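Visitor: I would like to learn how to read a few local features in a model. Please show me the general idea and then the case at hand.

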Amino acid sequence: MIEGCLELLRTYKSYDPAAKSLLEIALLYPGPKALFFHRIAHVLYKTHLYFFARLVCEISRLLTGIEIHPGATIGRRLVIDHGMGVVIGETAEVGDDCVIFHGVTLGGTKFDPVKRHPTVKNKVMIGTGAKILGPITIGENARIGANAVVVKDVPANTTMLGPTAQAR
């Protein structure tokens, strides 16, 4: 677990030229804190301690402004830049080496107890304010532009722009 935390902090350091030290990132950046809390909440969730998982999630949201459901699956080296207002739903899956900016929602479109949130593959960048909704897949190396609303699968290596998310 310690190595995973150090790996994440190093990822943030290499990503953000404004970051001066790993200690600064660990103590002052909301993204790593939210991911640390999520790891704890996810273990509790997987062991069916749902109340305690949601409690940890709620504390994290209050401290960071980032809401990651404890049931969500998060890969390695996710960078949540700035983070305020990020929402990641229960059945969402986020791959490795992704970047998510503030105001992003990985949300559902139904209330049925099924897979209802997006799957985001590896090395995806999701711009500020983007909404990715439903049980869709965002392919590897895709780029989702700021404020895009995506409700259909996005192929790998594709950039989606505009409020109705047209491929470019």
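Visitor: Where is the place of lysine 123?

Guide: In this predicted model, lysine 123 sits in the loop between β8 (119–120) and β9 (125–126).

Visitor: How is the exposure of lysine 123 classed, and why?

Guide: Partly exposed covers the range between the buried limit of under 20% and the exposed limit of over 50%. Lysine 123 has a relative accessible area of 45%, so it is partly exposed.

Visitor: Where does asparagine 141 lie, and what is its phi?

Guide: Asparagine 141 lies in the loop between β11 (137–138) and β12 (143–144). Its phi is positive, about 60°, although asparagine 141 is not a glycine. With a relative accessible area of 28%, asparagine 141 is partly exposed.

Visitor: Now the largest pocket: what is its volume, and how many residues line it?

Guide: The volume of the largest pocket is about 350 Å³. Its lining holds 17 residues, and those nearest the centre are Gly4, Cys5, Leu8, Phe36 and Arg39.

Visitor: Which elements give two or more residues to that lining?

Guide: They are α1 (2–15) and α3 (30–46). The largest share, six residues, comes from α3.

Visitor: How do the lining residues divide by type?

Guide: The lining of the largest pocket has 10 nonpolar, two polar and five charged residues.

Key: Residues numbered from 1 in each chain as written. Predicted model: local features only at pLDDT ≥ 70, side-chain atom pairs only at ≥ 80, totals over all residues. Heavy atoms only, no water. 1 Å grid on protein atoms, 1.4 Å probe; cavity = no way out; pocket = protein on both sides within 12 Å on 5 of 7 lines; lining within 4 Å. Points joined across faces, edges and corners; volume = space filled by probe spheres on them. Helix = DSSP H or I, 4+ residues; strand = E, 2+ residues; numbered from the N terminus. Nonpolar A, V, L, I, M, F, W, Y, C, P; charged D, E, K, R; others polar. Buried < 20%, exposed > 50% of the residue type's maximum accessible area, 1.4 Å probe, protein only.
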